[in-house]
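Colleague: Could you walk me through this model, starting with the charged residues?

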Amino acid sequence: MKKVRAAGLVLALLSGSAMAQGVGVYGVAGTGGLGLGINLPVGPAFGLRGELAQLTTSDTYTEDQITYKGDLKLRGNGVFADFRPFLGTFRLVAGATFTGSSAALQAQTTDGTVTIDGQTFSATGNSLLATIKYPNTMPYLGVGWGHGRFNQPGWTFGLDLGVSIGKPKVTLTGSGGLLAQPGASAAIAAEERKVQDDLDSAKVLPVIKVSVGYNF
């Protein structure tokens, strides 16, 4: 929550200081969800931006022969600095994203059982829960095109490709009925390590987003 407030404060400061210089506002859609942003060109080669974006979606995922179903909470809040090396539409981007994306998932049972780390246990629909959470603050690096330039009012279009740097944390939690079965606790711990090892290989979170806005 503090990170969201900080991002909101940055947006407010950007908009307040930019009115005399030509602030841009835009809508954004991408891997971080849907939201709004503020663009402040501070010179022909440099600019600052702040974004607040989010989206919650439900889906089904399979990991190590376990099918999970649940909600994925996308978060694209962040602050960014743009550098235009050729004074054109192409941008090099650095910044940080806040309140990382997360997922809350429930393992799906088959005929009243669930297989964990190769072992089969009796289970109900909420016997095994998985949570995945990215760090609250992640450095961001990327490239982009568009977003309007210094002293050029009008409609703007933007495309950004980049990565947020950081690894997610996985937690598997079993219900009391599942944990009471012999070997279940050890199987859940082993399964958690497997999933964490798989996700540790992905040290970055890809980011793709498009935007449409107006520079005043």
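**Buried charges and a surface patch**

Colleague: Is D82 buried or exposed?

Modeller: D82 is buried, at 3% relative accessible area, where buried means under 20%, exposed over 50% and partly exposed in between, with a 1.4 Å probe and protein chains only. Please keep in mind that this is a predicted model, in which local features need pLDDT of at least 70 and side-chain atom pairs count only at pLDDT 80 or more, while totals for chains, interfaces and linings use all residues. Residues are numbered from 1 along each chain as its sequence is written, and side-chain values use heavy atoms, leaving out hydrogens and water.

Colleague: OK, and which side chain meets D82 in a salt bridge at 2.7 Å?

Modeller: That is R49, with 2.7 Å from N to O; a salt bridge here is a side-chain nitrogen of Lys or Arg within 4 Å of a carboxyl oxygen of Asp or Glu. Because D82 sits in strand β5 (residues 77-83) and R49 in strand β3 (residues 46-63), the pair ties together parts that are 33 residues apart in sequence. Strands are DSSP runs of E with at least two residues, numbered from the N terminus. R49 also counts as buried, at 1% relative accessibility.

Colleague: What about R91, which side chains does that one meet?

Modeller: R91 forms a salt bridge with D82 at 3.2 Å, N to O, and R91 forms another with D160 at 3.0 Å, N to O. R91 lies in strand β6 (residues 90-98) and D160 in strand β12, so this pair ties together parts 69 residues apart in sequence.

Colleague: And which residues do the shared partners join into one network?

Modeller: Salt bridges that share partners join R49, E51, D82, R91, D160 and K209 into one network, and the structure holds eight salt bridges.

Colleague: Changing topic, what makes up the nonpolar surface patch?

Modeller: V25, W155, F157, V212, Y214 and F216 make a patch of about 680 Å². Patch residues have over 30% relative accessible area and no salt bridge, with like charges joined within 9 Å and nonpolar side chains (Val, Leu, Ile, Met, Phe, Trp, Tyr) within 5 Å; the areas come from the Shrake-Rupley method with a 1.4 Å probe, and for residues only the protein chains shown count as cover.

Colleague: Which strands each supply at least two of its residues?

Modeller: Those are β12 (154-165) and β14 (204-215). F157 is placed in β12, and F157 counts as exposed at 57% relative accessibility.

Terms used. Helix = DSSP H or I, 4+ residues; strand = E, 2+ residues; numbered from the N terminus.
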